[in-house]
Amino acid sequence: MLRWPCPSTALKMSSTLPDTGTQTSSSRLRCIHCGAITDHADQDFRCGECGNLYEIFFPGWETPDGLRAAGMGPDALKQLWRERKLSLLPADTSGVWRFRELLPALKTGHDPITLREGNTPLYELPQCARSAGMQALRAKHQGMNPTASFKDTGMTTAASFARQEGFRWVACASTGNTSASMAAYAARGGMRSLVLIPEGKISWGKLSQALDYGAVTCQLRTDFDGCVKVLNELVRRKPIYLLNSVNPYRLEGQKTAAIELMEQLNWQPPDHIIVPGGNLGNSSAIGKALLEMRDLGLIFRLPKLSVIQAEGANPFYRSIHEQGGKTLTPMQADTLATAIRIGNPASWKKALRVVQASEGAVEQVSEVEIALAKAEIGSDGVGCEPASAVTLAGLKKLVKQGFVKPNESVVLILTGHVLKDPEFTLHFHRGDLFSGTSHEKEAGMLAGQQRAPLVLDATVEAVEAALGRFDSERP
Ligand code: F0G
């Protein structure tokens, strides 16, 4: 097997990561199952001893005074990160690298590849709160990243390490967003990118992004899980850097969504954070960040982290509810939320750990519940892609079950922008999203949310009449 040196042994900051009076700590790789520690991962980022995934940990955080990132206490870290908001340096204007004390360090002389990712807004969702039976509800919109999904926060870190190690090619299997993000960061970093996507099962918006950023884009006649198999074999044969979320450097960058969220909440954790679950990298990353922030004294309690899957792509839900999380049985996945159409999630053991540690829940939601929730998020003027809407649909269920109380604070993580999948939205509003499917009857409940475009004669009277009809329908 091809091997490359683990970049995380570097102790110094890159030249564009100015040393503002601090030092970063060294990091190493540790197998999540057998605990084997290494500084050299194989191409597939799996433990040479037992085949499980690696995670990054920071031995340098251990000091006689307790855990300290870069030797700094919680108040000093918070102040440093706040001060960097005034800086115009690329690494400081990135919402990921601004928190670099909690990330593996690039070697001196290596710049991060950044598109100024992160820095995403936290919105109030008053209408969604009402429909979920909550007093208030907020959403952190990771779809407001440079390529319009949360993937950018992890891609800036992993792509930077790929370039540091001298790779010419990077590659991923994807349901669309990872490929769009990888293609952009590879292009910015002067690397070539190879995308493997399932034929016909990803949205045009995402496919067109990969093409625009110059990726070699292969539509394979299989699903996402089939693409992963092909890619895993390919990286064993060729010196190609794997940028799927099994790559632990991806998850390190994705951690910053949770760090930034806590900063936006003035370091007062919400009661619940709710994320969609596909390959389960994002939930793992957010959970890792929460645990690390607690251990470093940045927050004083853990929010409950809950993961929501689509009913048609629910292997994690089934693992928890049918097998007590002991094993996960892969399945043939199917859902219109194509981003999470995944039957064999690579990071399920990592996700299980953080859901259990935070005492969160794992729920599933139907196709119609996803569609309704997506329209409701749109009604709050926010919008998201279908996979993100599972969070609101899941919250409604968790409220009904009493797991979430109406007066508790909840943050939904919206993972992708509404423009990622406009076809879904158009079919929804035209009323034919579920035509000819087994969901047709249940879809009757969506009528109140549907607003098909009206084709009218070009006269003021025609528009006035339409307005009149609308007024009488919805007083
Ligand atoms: N939401 C969106 C919009 C996604 O694109 C994905 C995953 C998820 C949620 C689930 O996140 O896999 O970390 O649990 N998309 C991947 C891709 C698989 O290839 O773009 P996860």
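Buried means under 20% relative accessible area, exposed over 50%, and partly exposed in between (1.4 Å probe, protein chains only). Thr147 has 1% relative accessibility, so it counts as buried.

This is a predicted model: local features need pLDDT of at least 70, side-chain atom pairs count only at pLDDT 80 or more, and totals for chains, interfaces and linings use all residues. Residues are numbered from 1 along each chain as its sequence is written, and side-chain values use heavy atoms, with hydrogens and water left out.

**Thr147**

Thr147 sits in the loop between β9 (138–141) and α4 (151–164). Helices (H or I, at least four residues) and strands (E, at least two) are DSSP runs, numbered from the N terminus. Leaving aside neighbours within four places in sequence, Thr147 contacts (heavy atoms within 4.5 Å) several residues, including Asp152, Gln209 and Lys420. Met182 is 35 residues from Thr147 in sequence, and their C-alpha atoms are 9.4 Å apart.

**The sheet**

Four strands make an open, parallel sheet in the order β12-β11-β10-β13. Strands pair if DSSP finds at least two bridges between them. The edge strands, β12 and β13, each pair on one side only. Strands β10 and β11 share five bridges. One of the bridge partners is Ser193 in β11, facing Val170.

Axes are lines fitted to C-alpha atoms, for helices over the stretch in contact; angles run from 0 to 180 degrees between N-to-C directions.

| Helix | Residues | Angle |
|---|---|---|
| α6 | 204–212 | about 145° to β12 |
| α7 | 224–237 | about 145° to β11 |

**Helix α13**

In α13, 13 of the 15 residues are buried, so the helix is largely enclosed by the rest of the structure. Just after α13, Gly402 has a positive phi of about 85°.
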